[in-house]
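Please open the structure in your viewer and keep the selection panel at hand. The stops below go from the whole chain to particular side chains.

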Amino acid sequence: MLSKRLEEALNNQIQIEAESSQVYLSMASWAEVKGLEGIAGFMYGHSDEERMHMLKLIKYVNERGGHAQISELKAPKTEFGSFQKMFEELYEHEIFVSNSINDLVHVTLEEKDYATHNFLQWYVAEQIEEEALARTILDKINLIGNDKGGLYLFDRDVQQITVESAASDTAGE
């Protein structure tokens with residue numbers, strides 16, 4: 001059974017995961033309108049992934065005797081200026097989510113809820129991957145600079161990142 005404090009913290013994380021899905025969805029729509037199909041596909045895929053993170057938390061809270069709360073979400077930005085700025089914001093967002101997960105893990109230790117601590121280790125590992133991926137993408141973007149040919153190749157290659165991520169995810173299941 002979850003303590004009330006931990007249930008509230010998990011419900012907060014449910015909201016963060018839902019809002020993360022919306023952030024990626026907004027970025028996908030922006031990229032699609034700008035003709036960046038590869039980036040749009042990458043963002044749509046990650047929006048779905050964030051929604052699955054949220055659902056996993058909802059089911060866990062309910063299975064542990066809590067009540068997962070579905071709350072109102074903040075509307076994400078709809079304009080990003082450039083694809084570089086968008087990925088910088090994405091990286092900052094992933095750092096925010098990692099810090100939130102780490103705070104949640106800290107609560108599990110304070111509450112001596114080792115089952116939830118164990119459950120959250122998947123999220124800790126996932127955030128390490130998400131931050132590394134965002135950092136790698138930013139490194140590639142910085143190499144491109146203002147080169148339009150580089151942007152074309154990046155847009156094409158980011159689709160490979162999506163395919164490779166999906167392939168490695170299913171290989172681990």
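The tour begins with the overall fold and then turns to aromatic rings.

Start with the whole chain in cartoon view, bearing in mind that this is a predicted model: the protein has five helices and zero strands, and its C-alpha trace spans about 55 × 35 × 25 Å along the principal axes. The radius of gyration is 17 Å, which agrees with the value near 16 Å that a compact globule of 173 residues would have. Of contacts between residues at least 6 apart in sequence, 80% join residues at least 24 apart, and 45% of the 173 residues count as buried.

Next, colour the charged side chains, of which 15 are positive and 31 negative, with the centres of the two sets 2 Å apart.

Now show the aromatic side chains, among which a search of the whole structure finds seven pairs. Select Tyr60 and Phe119, whose ring centres lie 3.9 Å apart with planes at 10°, so the pair is stacked. Tyr60 sits in helix α2 (residues 37-63) and Phe119 in helix α4 (residues 114-144), 59 residues apart. Tyr60 is buried at 9% relative accessible area, and Phe119 also counts as buried, at 15%.

Move on to Phe87 and Phe154, where the centres are 5.9 Å apart and the planes stand at 85°, so this pair is edge-to-face. Phe87 belongs to helix α3 (residues 83-110) and Phe154 to helix α5 (residues 148-171), 67 residues apart; both residues are buried.

Note on methods
Residues numbered from 1 in each chain as written. Predicted model: local features only at pLDDT ≥ 70, side-chain atom pairs only at ≥ 80, totals over all residues. Heavy atoms only, no water. Helix = DSSP H or I, 4+ residues; strand = E, 2+ residues; numbered from the N terminus. Rg over C-alpha atoms; globule rule 2.2 N^0.38 Å. Buried < 20%, exposed > 50% of the residue type's maximum accessible area, 1.4 Å probe, protein only. Contact = heavy atoms within 4.5 Å. Lys, Arg positive; Asp, Glu negative; His and termini not counted. Charge placed at Lys NZ, Arg CZ, Asp CG, Glu CD. Phe/Tyr/Trp six-rings, centres within 6.5 Å; stacked < 30°, edge-to-face > 60°.
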